[in-house]
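Please consult the sequence and the model shown here while reading.

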Amino acid sequence: MDLSFILFTYITSKTILEYFVRAFKIATFSLPVLTLPNTLAQTHESTLKGVVTDLYGTPLYGASILIQDLQVGVAADENGEYFFKIDRPGSYTVEFSYIGFETVTQSITLEANKIHVIDIALAEDATVLDAISIEAKSKIRQKREEAYAINVIKAKELYNTGADINQVLNRISGVRIRENGGLGSDFTFAINGFSGRQVKFFLDGIPMDNFGSSLSLNNFPVNLAERIEIYKGVLPVSLGSDALGGAVNIVTRTQPNYLDVSYGYGSFNTHRANLNFAYTNLNSGITARVTAFYNYSDNNYKVRVRPIDLQTRQRMPAQEVERFHDTYESATAHVELGVIEKPYADKLLVGFIASGNDKDIQTGVTMDQVFGARTSSSRALIPTLKYQKENLFTHGFNVRFYAAYNHTKNQFIDTTRLSFNWLGQSVASTGTSEFFRTQLENRDKEALTTTNLSYALTDHHGLSFNHQFTNFTRESSDVENPENIVFLFPQSLRKHILGLAYQAKYERFTGTVFAKAYFLKAESFEDVMDGTGESNFQETGTNTEDVGYGTAATYFILPRLQAKVSYERTYRLPEATELLGDGLFTRRNEALEPETSDNLNIGAKYEFKLDDNHLIAIEGTYLLRLAKDFIQLDQALSQPVDRQFINLGDVTTNGFEIDMRYQLKKQFKAGFNLTYQNIIDKQEFLASTNFQGVTVSPNLNFDFRVPNIPYLYGNFSADYAFMEAGAKNQLNLGYALNYVEEYFFTPRQLGANNQNNIPRQLSHDLRATYEMYNGKFNISLEVSNITNEELFDNYLLQNPGRAFFINLRYFLNNSIF
């Protein structure tokens, strides 16, 4: 990444942060005076603090903590934390209570000038559970108990790890992330066999389809999220998307005042730093939020290959070599300013995102394609607007509105006249470059809005409506090929997605029915064959209209036994790259049709206690996917620069997921999940178009598994916390196992001698985290792939071996000014 951009991002974020600090200090002179240091406080003062959670570790926001003898009480914040300053040491009885949970009392002796900690886990009261509204539960638990097939990750538990969001999601049942290399590499995100653009990503409900490569999940630190929602198969109308097989929604942190700073360093000269900051004047409602993160790696890990002798063009013996052209660097700054808790808005935030990355490209589709001078870069500038208001104009009418305007510039450069091998050696190529000279630049602009309206008809019935609008345009140029006629043609894509849902909600039962309408209009160009053999480009357009529908329901058979079923007939409209190409290596396909799928999930979840200390949760889901016009990248391994998205035809998926969790008090947690997905190609014949017209031929993969997609994989994890009552420090140890069964990346039926397989893989990770002063200072050491296994993904692209990473984090969660 060029130095000017790094300096711009750093100076901008630092200057904005300093400006807001000064401005708020002046504007909020009426704030209460800060608590004096302990050395100036009364010498007999005692402190009582702690965290209130349920038995599963979920914070109980609003829980009541009462010192009975003094009749002094406080409410737990959104993290379940509470805090007292007591100026009379002595023995007291403290009462902990929360709606729908059993009340607990505990005696404590408060000593002068000491900090006392009581962490309490409350058990649900089964005698009143059925009468308690779901609103009394945490947001995370509310999401988990929805009718949809959904996993919710509580991000706070992972803040000390230094992990990115991809690494976190790869441990979830049904999710498989296949990377082409190390930090910043291209990746394929799959949920139950659906992958790529079939899975949608959201940041606080804003679609991230065209945010640019620097704003992807393998760049986002987990610290920016409060929770991560993974929807499988069926999506709620509120997200308003055309996802075919699922979605991921990253919900950013909502704490009013905090500072979270971390820096990590690891193998392959990897650096990761991030800053999360929020300041809110609780009297005026004015708030400012800053998020910034930086990633860098040489990615010079070793791979086992058979290099090509550039003189004889023969393969050498297998050997380990370092990747020599795979540096990655990215930086992002996101600033928001606005107000909260006003009569006209619960939340009104205006924001701006500046982001960019620079990436060296080491390989093509396979390890046999070695590059030594090919690079890409991306720059994005995105203003955003968020508005949210409950009970607008009348009780029960809620409004959410999100808007963004993306300015993204993507550049691809390759002007060398050399060919390379894995030893870093080079010779003059027979052509003008590794393939051909290019400095392609795509300038993309996208306006998008999401409007969600909901109205409570009664206490048990409601309606919701969602409209998502996207308008994408692209301009392309290449100084190496300035006369290219295709740059003169329009490239645009416009989408409207409408959704309407009805919901019924009772004590044990929740159900919804919904319908969605999909509208697509695109403008591009095509090469029309006129018999002359010369290119004849002409403008072309695509217009589609489709209607989908679905339903979802859940019922609590017992207070801890939940059954779920959901079904949706959904459509996914082609994205810009799929329909328009990238102007270089991916050809446009103006005839590409929307994908459609019938998605069915049937599941159950049971949680039970062996006693007050032992908790077990078991969840299982059956899934069925019937997809038509399946969009897939048609990639010939021998032609790494000639690829096109095509409609594959019919694909059927049957499978299941199993998830089991065990918890011993708050000290030990263990979890296991397994996913099986049998993805079968049901297209009997294939049609192709050439200069002779349309040719139809039998599909040799008919009734066989779709290649290059894992069909059996799972995860195991265990964590133990060494802690003492009242102690400020805590040591946490963690272990994780990732398993993927052998699968083929070309059709398996080619014969018993088919060697195009990715072998069974087992990866072991260890982590140790030490928290000091109740989490204010934290240090974490991680070792990934501790046995240094050879791990592979798409088309045998080798992933990093054993790697070490140390992460330092400072966290302050209170009024910091």
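With which residue does K386 form a salt bridge? The partner is E336, and the closest N and O atoms of the pair are 3.1 Å apart. A salt bridge is here a side-chain nitrogen of Lys or Arg within 4 Å of a carboxyl oxygen of Asp or Glu. This is a predicted model, in which local features need pLDDT of at least 70 and side-chain atom pairs count only at pLDDT 80 or more, while totals for chains, interfaces and linings use all residues. Residues are numbered from 1 along each chain as its sequence is written, and side-chain values use heavy atoms, with hydrogens and water left out.

The structure holds 37 salt bridges. Because K386 lies in strand β24 (residues 375-389) and E336 in strand β22 (residues 328-342), their pair ties together parts that are 50 residues apart in sequence. Strands (E, at least two residues) are DSSP runs, numbered from the N terminus. Both K386 and E336 are buried, that is, under 20% relative accessible area with a 1.4 Å probe and protein chains only; exposed means over 50%, and partly exposed lies in between.

A second salt bridge joins D414 to R374, with 3.1 Å between the closest N and O atoms. D414 belongs to strand β25 (residues 397-414), whereas R374 sits in the loop between β23 (345-360) and β24, 40 residues apart. D414 counts as buried because its relative accessibility is 0%; R374, at 4%, counts as buried also.

D598 and R569 meet in a further salt bridge, at 2.8 Å from N to O. Strand β35 (residues 595-609) contains D598 and strand β33 (residues 561-572) contains R569, 29 residues apart. D598 is buried at 17% relative accessible area, but R569, at 21%, is partly exposed.

Technical notes: Helices (H or I, at least four residues) and strands (E, at least two) are DSSP runs, numbered from the N terminus.
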